[in-house]
Each structure stands twice: as C-alpha cells, then as structure tokens.
Amino acid sequence: MFADTLPGDQGTPYVVAAYLVFLALLLIYLAIMGVRVARMERDLAELDDLVREGRDTPPSSEQEPERIST
Amino acid sequence: MHGKGLRGLSVATIVVLVGAFAVAAFYAPLDADQGFRQKIFYLHVPLAIVALVGFIVGGLLAIQHLRTREPIWDLRSYVAIHISLILGVGVLVTGAIWAKSSWGVWWLWDEPTLVSFLIVFLLYGTYTPMRFAIEDRERQARYASVFAITAGAFVPICFGAVRAQPQEVHPQTFGSGDLPGPMWLTFLVCLAGMALLFYTLYRFEIAAKLARGRLRSLRRQLLDDAPVQRRSAAPTI
Amino acid sequence: MRVLAAVLRKELRLELRTFESVPGMVLFGLTIFVVFHFGLERASVEGDLAAGILVVTLLFAGMLGLNRLYVADEEQGGFDGFLLAPVDRTWLFVAKATALFAYLVALEIVMVPAFALLLLEPGLGQALPELVLVLALTNAGFAIIAALVGAIAVRTRARDLLGPLIALPLLVPVVIAAAGLLEPLLREGGAGGLDAKWLAILGLYDLVFGLLSVAVFDPLLED
C-alpha cells in the first residue's frame, strides 16, 4: 500500500514546494506572534517596575482620579 | 480568560493537521492522470475553502457588530478577515504552483476557483487600506462592518458568476465531485485540519489583541500618559 | 416615495446646473475608445472583443461617476442636511443610485452610437432592444454598487482611489455577465440571442446587491 503512494514522478518538487510555502506562512505568523509576546512582556515588566516604585516611595499622584480608559 | 483552552486547541490542531498531511502522503491513492502532483489538492483546496468561509464568517460577525455596536464584534470580524487574507496568499501561491506543475504555466484563467479567489482576494485587499483611511475609531468600525457584510455576500455570487463561464479545453480539475472513497476521506481530514488551524489562529489573535489593549489601558492609568495614538487599521478594545 | 422624488429632483437639478458628472464621463468614455483603437491597433471590432471594449469603457466611465457622486454632499454639508430631515436615510441611497443610473443612460445615448461609428463592425440595428435591456441591467448593477461604495469612500482619506478600488472587484460579475450577453449581439453576420444564464446572473446580482445595499446603507450615514 505504501509503495505506490510514495514519490516517484517529476511532480514531487512542486508538491513539496507547495507544502513548504504553507509551512513558511505558518512559521512567519509564529515569529510575528513571538515578537508581539516579547513586546508585551517588556511592557509588563516596565509596568511592574512602576508599581513597585510606587509602593516603595509614596507616589505624588496617588490622589489622581482614575482615568477612564477608552 | 481569553487564552483559556488555547493549549488544548493548539495540540488538537497540530495532531489533526499533521495527521492529515500524513494521510495525504501515505494513505491517499495516486491519481490516475496526475500522479503525485495531485496531492497539492489536499493542501490547496481545504485552504481555499477555509479562507472563503472565513471571509463569510467575517461578514456574519460584522452583522453582529452593527446590531450590538459592541467593539468586540468588530475585533472578531477584523481578525477573521485578516486570517482569511493571509490564508488567501497561501491559496494563490499553492494554486500557482499546482498550475505550473500541471499545465506548465503559473496562472490559469480556466480554473474558475482560482480566478474567483483572485477577485475575492483583490476585494478584501482593500479592507485594511479602507480602515486605515478612516481615523475616527467608531466610524472605522462601522464602515468596516458594512464592507465586510457586502463583501461576504459577494463571495458566493462571484464564484457562481465565474463558474458559469464556458470552460475551455481544460477539464474541471479541482472539485470534481466523483472522488473515490479514500481520497474523499483524506480530503475531509485535511479540511478539518485547516478549519482547526483557522480557529486556533483566530483565538490566538483575539487573545493577543485584547491583552495588548488591557496593557495599554493599564499603562495609561499608571503613567498618566497617553501614548501617541498612531493611526491604525486594527480595532483596539 | 415623495422623499425619493424630492432628493432625486435635487440631484438631477444639481447635475443640470453644474454638469459635474455626465460631460466628464462622456468625454472620458470617448477618449477610451480612441485609446483602445491605438492600444489594440484595430480599426474595427466585433463579437467578444466589441462586447469587452464596450463594457470596460462603460465601467471606467462609471467609476468617474462614482467618484463624483457624493463629493458635493461631503464638501457642502449635504449629508448633515439629509440627516436632519425626518426621513428614512435609505432614500438617499436609492436617489443616488437612480441618479447615477440616469447619468449612465445619458452616457450611453452618446457613447453607444459613437462606439458604432468609431469601432463597431456590425451595425447597432441588428439587436437594439436586446442591447437596451442588457445595458439597463448593467447600469443597474453599476449604479447600486457605486452608490454604496461611493458613500463608503467619500469620507475616507484617499477617496478617489478607494472608490474604484473597492468597486471594481465587486463589479466583476457584472462585467462577466454583460460581456457574455453582449457578445452574440455584436457579432459580425447577424446577432445571436440573449443567453438566459447570464441574464439570470445579472438580474440576480442586481436584486441581491440592491436589497443588501438598502439593508446596510443606514450605518454609513450616522455621523
């Protein structure tokens, strides 16, 4: 059963190319996601530091009314 | 809470997709006239079907947005269309590769699926520039929804119209209804894999965008600074 | 209906006074014929080539009309004026589509005879009623899409670019059907009949997008 489905004629490079294109698209997407996650972690770390600073030294803007986020 | 279940979903997607490709490579019988080349069919056609359904789903989500006016629906519609657009690039490229392998040319006007898809792709290609050209967020979302609904209705009509054209010499190569059993099974498994892939990517995108939105708002509250809002085509929650 | 009549009257009166759309469209169309002559290096065309040239030229001239359709409203507060009136906003869409339909008819009255004179091999007389029918259905398709897309595009930044860019893919089925219908009509040596399949597709397209646009037009006007 396997023998007659494995590559043998000259169509093979095209099939492989097509599947590779698909794989490439997927990996590019993952890479972009990776960059995004890294950026988010950086932002989070920054905010983390800010909160920690706020706890160590009495923040001057403590009485600031909470801003409405859009 | 939007990331819940993402891991299970990803695992399921990998299992089904890899399994599908394995089935396509080893289990599906060789086509009589086309030989091994025909196996592109298991990649190209499910990709196309999922992309088109994605476009239509984008339109349905846009209807919800216009009904409820909640930004989350606009985000969902945007993400669905965006992912379909990316998959669409894959469809056109794999379609060209298949055309080259079968007929020696990179493009076939005789293949109605490919041609219809090109037209649909060109239409949705204007979605992002259109969003980008509208600055007011609320209006951007509203207009994008109108677009998504119109374009979603357009997809079946376009396919119908192109298909109605008299076919020339080349026989209907894709989508011939009389596939033998094992081929059908393989096709269905690949279709399931692609659909799962779409859904997983969709959930990832939504989770990422929502997380980013919350980060931004946290930042604004803590820092009291509003980062300069760059004009963007993507909805922010 | 009175609303439609009122808005339509305003549109047509505006056009008659300012001549913003139709003369430009006609001139543009005639120029395209000339360009086709030079581009194709043909003195006369018939059959499918003739059908294609006619449809494409009408399409591009129609795009010009699309760009002009809402500009006056956008720049001079016509939208606000309409919003303040206690009427169903969808009438604006119907009025604009009807107006553009009228412009296209005016356009064709000049351009189709010009086409026959300049480029067409067989005469027009061989299938005039069918020709009129096909052009009417095609105009309807153009007008509906243009009225919808024009409203979207006019309030964006790159309005002259986005309008045609969005409308052209949407209009491809109309082009396919119109060319398919016109081809036998413009054939050398006697016209063939109308292909029912294309007639059905064109009619269906007009119906579906007409209804869809009416359903979906409201949110565009909310500002």
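How many of the 23 residues of H3(C) are buried? In this predicted model, local features need pLDDT of at least 70 and side-chain atom pairs count only at pLDDT 80 or more, while totals for chains, interfaces and linings use all residues. Residues are numbered from 1 along each chain as its sequence is written, and chains are lettered from A and ligands numbered from 1 in the order in which they are written.

Helix H3 of chain C (residues 47–69) is mostly covered, with 17 of its 23 residues buried (20 or more other C-beta atoms within 10 Å of the residue's own, C-beta atoms being placed from the backbone). Helices are DSSP runs of H or I of at least four residues, numbered from the N terminus. From first to last C-alpha, H3(C) reaches 33 Å, close to the 33 Å expected at 1.5 Å a residue (1.5 Å times one less than the number of residues).

In chain B, helices H2 (residues 41–68) and H6 (residues 137–163) pack with their axes 8 Å apart, at an angle of about 140° (axes are lines fitted to C-alpha atoms over the stretch in contact, and angles run from 0 to 180 degrees between N-to-C directions). Residues in contact (C-beta atoms within 7 Å) include Phe55(B) and Gly59(B) of H2(B), and Ala148(B) and Gly152(B) of H6(B).

The contact between chains B and A takes 34 residues from chain B and 30 residues from chain A. On the chain B side, H2, H3 (71–103) and H7 (181–223) each give two or more residues, and H7(B) has the largest share, 13 residues.

How values were computed:
A residue is buried if 20 or more other C-beta atoms lie within 10 Å of its own, exposed if 12 or fewer, and partly exposed in between; C-beta atoms are placed from the backbone. Two residues are in contact if their C-beta atoms, placed from the backbone, lie within 7 Å.
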